[in-house]
Number of protein chains: 2
Amino acid sequence: MTENTATEGLDQLDRVMAALAHPLRRQVLLVLHFRGGEMGAGDIAERFSCSWPTTSRHLRQLEESGLVSVRRDGRQRIYVLERELLTNTLGNWLHWFKGNVRPK
Amino acid sequence: MTENTATEGLDQLDRVMAALAHPLRRQVLLVLHFRGGEMGAGDIAERFSCSWPTTSRHLRQLEESGLVSVRRDGRQRIYVLERELLTNTLGNWLHWFKGNVRPK
DNA sequence: TTCTCCATTAGCTGAATTGCTAACTATACT
DNA sequence: AGTATAGTTAGCAATTCAGCTAATGGAGAA
């Protein structure tokens, strides 16, 4: 198998940044975080005003970025926030800008 | 005038995240940072492989997000990195995820 | 003024994104 | 088996995005 789940073509930063570009996807991450990091797809979807399939697709995009992972539990699909990936990826990029360079 | 430069409709986080979604725009910010925070449009553009107008548009998008500002100097246009806006906006959002919530 | 240089705006095309409804899959319940 | 529940996939339309070339604007130099 050549596909590593979220490792095809673009690098991690590209995928994470693209996933974070949409307000609803950022909101999903926050909801997940404040509900303990794990939620069923339905619990997530009912908190948003758009249609279920639309939310479902956003969830898949988050999964493909690696920011969440999925576990099955009976007929539920549990989405799990990958908090470290989020904070590391974003934090590491942001870190480039922390030092003063030629402060003038 | 009703337009506040980078304040029409979307909020700051939306605009910043959208601007950061494109690899070239992130690269521009890094180049700006490591060259001291200020560069002429031409100096920026010649570092990228795409056409000049394309880079120019990315620069405008960055400006509309507030991540850079522009100053004129003779016939040059100097782009200035708004480093604090970048680190504050991104840092503040990221900060929500720093604390453990219901750590299990 | 005219010419040149720096850079943007205009206008187009193709691809990606986002939303919807309808149809489908899979598991559980009776 | 048959039905209900949980959620995704398929397929479509509208919008936005990203790239290009060509045309334009604006400031300085001759």
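Me: A residue is buried if 20 or more other C-beta atoms, placed from the backbone, lie within 10 Å of its own C-beta, exposed if 12 or fewer do, and partly exposed in between; what makes A:Glu64 count as partly exposed?

Reply: A:Glu64 has 16 C-beta neighbours inside 10 Å and is therefore partly exposed. This is a predicted model, in which local features need pLDDT of at least 70 and side-chain atom pairs count only at 80 or more, while totals for chains, interfaces and linings use all residues. Residues are numbered from 1 along each chain as its sequence is written, and chains are lettered from A, and ligands numbered from 1, in the order written.

Me: Where is A:Glu64 found?

Reply: A:Glu64 belongs to helix α4 of chain A, residues 52-65 (helices are DSSP runs of H or I with at least four residues, strands runs of E with at least two, numbered from the N terminus).

Me: Why are α2(B) and α4(B) called roughly perpendicular?

Reply: Helix α2 (residues 23-34) and helix α4 (residues 52-65) of chain B pack at about 75°, with axes 10 Å apart (axes are lines fitted to C-alpha atoms over the stretch in contact, and angles run from 0 to 180 degrees between N-to-C directions). Angles under 35 degrees count as roughly parallel, over 145 as roughly antiparallel, 65 to 115 as roughly perpendicular and the rest as oblique, so α2(B) and α4(B) are roughly perpendicular.

Me: How do you know that β2(B) pairs with β3(B)?

Reply: Pairing needs at least two DSSP bridges, and six join β2(B) to the antiparallel strand β3 (residues 76-81) of chain B, where B:Asp73 stands opposite B:Gln76.
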